[in-house]
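Here are a few worked exercises for the model shown below. Try each task yourself before you read its solution.

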Amino acid sequence: MISRELTEWNLTATGGPVPADLAGIEVPATVPGTSHTALLDRDLIPDPYLGTNETSLAWMKRATWRYATVLDEPAAASDERVDLLFEGVDTVAGISLGGVELGRTANMHRSYRYDVRSLVGAPADLVVDLDSALEAAAAEALRLGTRPMAYDQPFNMVRKMACSFGWDWGPDLQTAGLWKPVRVQRWRVARLVRVTPLVTVVPGDVALSDDEVVAPGSSVSDAEGRRTGVVDVHVEIERSGLGEPVPLTLDVSVGGQSGRGVSTFLPASASGTTHVRVHLPDPELWWPAGHGEQPLYPVEVRLYAGNGEDRSEPLDSWDGRVGFRNVVVDTTPDEQGTSFTFVVNGKHVFARGANWIPDDHLLTRITRERLERRIDQARGANLNLLRVWGGGIYESDDFYDVCDEKGVMVWQDILLACAAYPEEDPHWGELEAELRENAARLAPHPSLVLWNGGNENIWGHEDWGWKEPLGDLTWGAGYYYELFPKVLAEIDPTRPYADGSPYSPGFAPEEMHPNDPNHGTHHQWDVWNRIDYTHYRDDVPRFPSEFGFQGPATWATMRRAILPQGDSVVEPVEIPPGFKESEVFLLHQKAEHGNLKLDGGLAAHLDVPEGFVDWHWATQLNQARAIQYAVEHYRSWWPRTAGAIVWQLNDCWPVTSWAAVDGDGRRKPLWYALKHAFADRIVTVQPRGAGLVAALVNDTDEPWTGQVDAARTTLGGDVLATSGSEVAVAPRSVTLVPLEGTVADVGDAANEVLVVTFGGARGLHRWAESKDLALDPAPVRTTVVAEEGGYRVDVTATSLALGVTLLPDRLDPDAQVDEQVVDLPAGTTTVFHVTSQGLDPEALASRPVLRTENDLVPSAG
Ligand code: BMA
């Protein structure tokens, strides 16, 4: 096969409310790209992420666009196919070559291939005419009847990324374009339509017949530690249909030189799908991060014409990698309800997770390097799982490759979110086509651990008042309970499937509420929307797959995109009173009553500051506190609670949101709180019954032993009572040590803290909210020294110092710091390393760079 990418196109706005200066002009446009990126590249539109530009670009949603290029391909030989492959069209388009219509597209989540052999031989115009997806969706809603959804644009009526139409953390830009490569492919005889190696690990040294069905079990080795990796390579072949059919030879090899290969002969009559089974003795196992290594084995597939005597030139080839591991989700009913626990290679794994959204609303700007940085940030926050949320995309091969390499488990939603969806054609057929294609594409990746039917659609149908407006209209049930399981049983039977998130496994929604915390996955949104974060402790969900709390972006990101602009991003700016209610701030705060919820969520713990600088710090801190509180609670309940997937890791533009890493890739205080809360080993003080316990969480394979020391002290560090005991915490377990007697018996709640230490980890408990504690407003001593690459800042508490944080991006937008949100009992020290140059040491050790929670209590003034 000869494949050539068509990257150079021209873009024209062809209709709709196009500004006069852009109407009719032709702009060079790189593919992959969209009208937004093409016009941005030429400075023809303002950056939609800055200020209020999003609003001024609203016209683009109703514009129509033409992508055009000239296809100059030699004529096809008599036995030669020439295809045009559109890997991703965003979204509703007609495609023509030399004036001949090739087809229409209406789904950005699948590819389109056209046979153009009869149309090549002379230069011809290749034209893609894009309609407004919004108008197409609105027309579809008229045709099929509107269905309820969480937002006010009909994103559920077109197969375009749901958050393209705006979300409560995302801009509403509605891109249009060619978002994945366009290729011209010339081939003869036959090609590989899809290659999907599926891996199962079987105990012992076995050789299975080709048709023996294997399912991933929980055991991966026999008593002697022997195992066999069974790689079932499913290959779909298309024949050219030109010339006499010839036999084909398919070579499959797994593991390179030292691996195994199988050669299969396909007679001239064979077509369609073939299955090749390769056995690999004693493969090294792939593990999630923190549980072992991530060995990856190359898989090579070569297709030859003939009986294999001539292997000089393959007709087509496929290269990928697999990892050897079994994954199942244990949903066994038990006395508390129904579990939901990932079991990898027979081992029950606590999922330390975050939800993932597209890393840039303008998808074509997401590079592999950027994904690598972001996934490193996930690992840096001690996460081992990302959930690719259903309002985004089926993530890219790059994303999955990086997760394979770094041991990050991926849970992939099928792309339906927060809405009722029509099941009528063409929607049913489109969903089926996109799932077949993406399941086949992603199934080889060892990091993929779950297919999930969608986000909050079953819950929405049950709870959000949809049933009445729907009447007897379809809403998506057929997808979750029929189509998806059927397609996956065929394409990827090695992966677990969940009906949706949240759901109660084994129950129909009318038998058991889909968001029942005791059954399966659970979304906790009452906290944030309605109640204080201390209510996280009201439930012990089996698997919280969404819970989140907002906070603003980092200062430097706000400064670039949202705050009043000065000459340089580090210069102090005048923030006008009431700024957080300004048009620009609210355009970058999309949550319903977002600021009210930020203030309400803060008020229970700290007074809401008047000035913007303090408010920014306080709400960032409160976000970190809320989520750390939730995660520690959830982890203390392992194995009953078998994971915690925080909403959300990343952002897709500069915005106030639930993210830990903001739209410019900067880590918010929440990121550091996640790093602490998801550390391999933590000490956290939790209520149990009427008393308190120290929960010692050991998520490692080694026992954790030592002396648990508890001390009740004054904030100034005077010891009032102590206790100590020897404890051994078994691997991957939690030990609860009761804190009883005088150590737990608070005298003056405003003036005391309980400090528990164990094996280098520390947990604090206080009996009063920060605003009611007699915190010293100036509780630290600081020294700053230059070190290689930046500065070392030692901070020592002279009295209890809460939430000690350095915000060096106040001084240098590129500055990085390794720690934030550290609680320091009196007399303890923490060290920050700041990467930056040319900073004023004095500035590093004072406000607004060095901050504490103590800063925010009334006594701090
Ligand atoms: C959940 C998610 C998203 C949303 C988030 C915050 O419902 O599934 O739809 O962004 O809450 O509101």
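This is a predicted model: local features need pLDDT of at least 70, side-chain atom pairs count only at pLDDT 80 or more; totals for chains, interfaces and linings use all residues.

**Exercise 1.** List what Phe 342 is in contact with, leaving aside its neighbours within four places in sequence.

*Solution.* Take contact as heavy atoms within 4.5 Å.

Residues are numbered from 1 along each chain as its sequence is written, and side-chain values use heavy atoms, with hydrogens and water left out.

**Exercise 2.** Find which residues touch the most other members of the largest nonpolar core.

*Solution.* A nonpolar core is a set of buried (under 20% relative accessible area, 1.4 Å probe, protein chains only) Ala, Val, Leu, Ile, Met, Phe, Trp, Tyr and Cys residues joined through side-chain atoms within 4.5 Å. The largest one holds 217 residues, and Phe 86 and Phe 342 touch the most other members. Helix 14 (residues 612–636; helices are DSSP runs of H or I, at least four residues) gives the most to this core, with 8 residues.

**Exercise 3.** Work out which elements build the lining of the second largest pocket.

*Solution.* First, the term: on a 1 Å grid over the protein atoms alone, a pocket is an open set of points with protein on both sides within 12 Å along at least five of seven lines, and lining residues have an atom within 4 Å of a point. The volume, meaning the space filled by probe spheres set on the points, is about 1,100 Å³ for this pocket. Its lining has 37 residues, with Arg 625, Gln 628, Glu 632, Leu 764 and Asp 823 nearest the centre. Helix 14, strand 36 (681–688), strand 42 (761–766) and strand 47 (822–824) each supply at least two lining residues; strands are DSSP runs of E, at least two residues. Strand 36 has the largest share, 7 residues.

**Exercise 4.** Is Ser 723 buried, partly exposed or exposed?

*Solution.* Locate Ser 723 in strand 39 (residues 719–729). Its relative accessibility is 31%, so Ser 723 counts as partly exposed, the class between 20% and 50%. Leaving aside neighbours within four places in sequence, Ser 723 is in contact with Val 708, Asp 709, Ala 710 and Val 743.

Conventions. On a 1 Å grid over the protein atoms alone, a cavity is a set of points where a 1.4 Å probe fits but cannot get out, and a pocket is an open set with protein on both sides within 12 Å along at least five of seven lines; lining residues have an atom within 4 Å of a point.
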